[in-house]
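Me: I would like to go through the labels attached to this chain one at a time, and to see each of them set against the rule behind it.

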Amino acid sequence: MSLVRLNIKGISYSQTQNGAYALILNEMDGDRKLPIVIGAFEAQSIAIALEKEIRPPRPLTHDLFKNFADRYDITVKQVIIHKLVDGVFYSSLICERDKIEEIIDARTSDAIALALRFKAPIFTYKNILDKAGIYLKVNPNKETEEQDSILVDDMVVEEIETSIKDSYKDKSLKELNTLLDEAVANEDYEKAAKIRDEISKR
């Protein structure tokens, strides 16, 4: 079975399921997207790894794993999403130590959070993408929300660029930086990411 490389397109909040997020993976050499439902903690951990400017004051679980692996010369070479059963994705970490490879079973959300920290590529098999891949079309010229969203397992998933609508536009840069510091200190990284995006726009 041939492997297909995936990139992270974004993370979006579920409009119908409290505490649930959708991680959108993008086919590297194609237009299909692979949406994976993940929990709030995993979404936060992945968002922090994507946002290079946000550094938590204490290491999160995935950061601790990375520090532990670095100390003992273990590297994650790649992540493979290898199975899909009843809507649940199964993944493996391909690890290496002293030129010996080991395969470790992992939840897909954890595997991707670690792949980001190890700068490891993410793959899935073509048959999984054929089965669960979707085409997500976003048309910024259309005003209706239906053009910017898709229905996945009774969840409305909006792309992260179109779903962040906050009241930070009225704040000054000084106020935004103060709010950013407070959000990071309170370990509210989702809020911090939104504030950082608003600062970047300025």
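Predicted model: local features only at pLDDT ≥ 70, side-chain atom pairs only at ≥ 80, totals over all residues.

Me: What makes Ser 45 a buried residue?

Reply: Buried means under 20% relative accessible area, exposed means over 50%, and partly exposed lies in between (1.4 Å probe, protein chains only). Ser 45 has 0% relative accessibility and therefore counts as buried. Its place is in helix α1, residues 40-50, where helices are DSSP runs of H or I with at least four residues and strands are runs of E with at least two, numbered from the N terminus.

Me: How do you know that Ser 45 and His 62 make a polar contact?

Reply: A polar contact is a pair of N or O atoms within 3.5 Å; within protein, one must be able to donate a hydrogen and the other to accept it, and residues adjacent in sequence count only if both atoms are side-chain atoms. The side chains of Ser 45 and His 62 make such a contact at 2.7 Å, and the side chains of Ser 92 and His 82 are joined by another at 3.3 Å.

Me: Why is α3 called largely enclosed?

Reply: Because 10 of the 11 residues of α3 are buried, the helix is largely enclosed by the rest of the structure. Among the buried ones are Thr 108, Asp 110, Arg 117 and Phe 118.

Me: What makes a set of residues a nonpolar core, and which have the most contacts inside the largest one?

Reply: A nonpolar core is a set of buried Ala, Val, Leu, Ile, Met, Phe, Trp, Tyr and Cys residues joined through side-chain atoms within 4.5 Å. The largest has 31 residues, and those with the most contacts inside it are Leu 25, Leu 34, Ile 81, Phe 89 and Leu 93. The largest share of this core, six residues, comes from α3. A second, separate core of 12 residues includes Ile 48, Leu 180, Ala 183 and Ile 195.

Me: Why is the pair Glu 27 and Arg 32 called a salt bridge?

Reply: A salt bridge is a side-chain nitrogen of Lys or Arg within 4 Å of a carboxyl oxygen of Asp or Glu; for Glu 27 and Arg 32 the closest N and O atoms are 3.1 Å apart, so the pair qualifies. Glu 27 is buried at a relative accessible area of 10%, and Arg 32 is buried at 15%.

Me: How many salt bridges does this rule give, and how are Lys 126 and Asp 130 placed in helix α4?

Reply: The count comes to nine. Lys 126 and Asp 130 are four residues apart in helix α4 and so are separated by about one helical turn. Salt bridges that share partners join Glu 27, Arg 32, Lys 126 and Asp 130 into one network.

Me: What makes Val 88 partly exposed?

Reply: Val 88, in strand β5 (residues 88-97), has 42% relative accessibility and therefore counts as partly exposed. Together with Val 85 and Tyr 90 it forms a nonpolar patch on the surface, where patches are made of residues with over 30% relative accessible area and no salt bridge, like charges being joined within 9 Å and nonpolar side chains (Val, Leu, Ile, Met, Phe, Trp, Tyr) within 5 Å.

How values were computed. Residues numbered from 1 in each chain as written. Heavy atoms only, no water. Areas by Shrake-Rupley, 256 points an atom, 1.4 Å probe, with all protein chains shown as cover.
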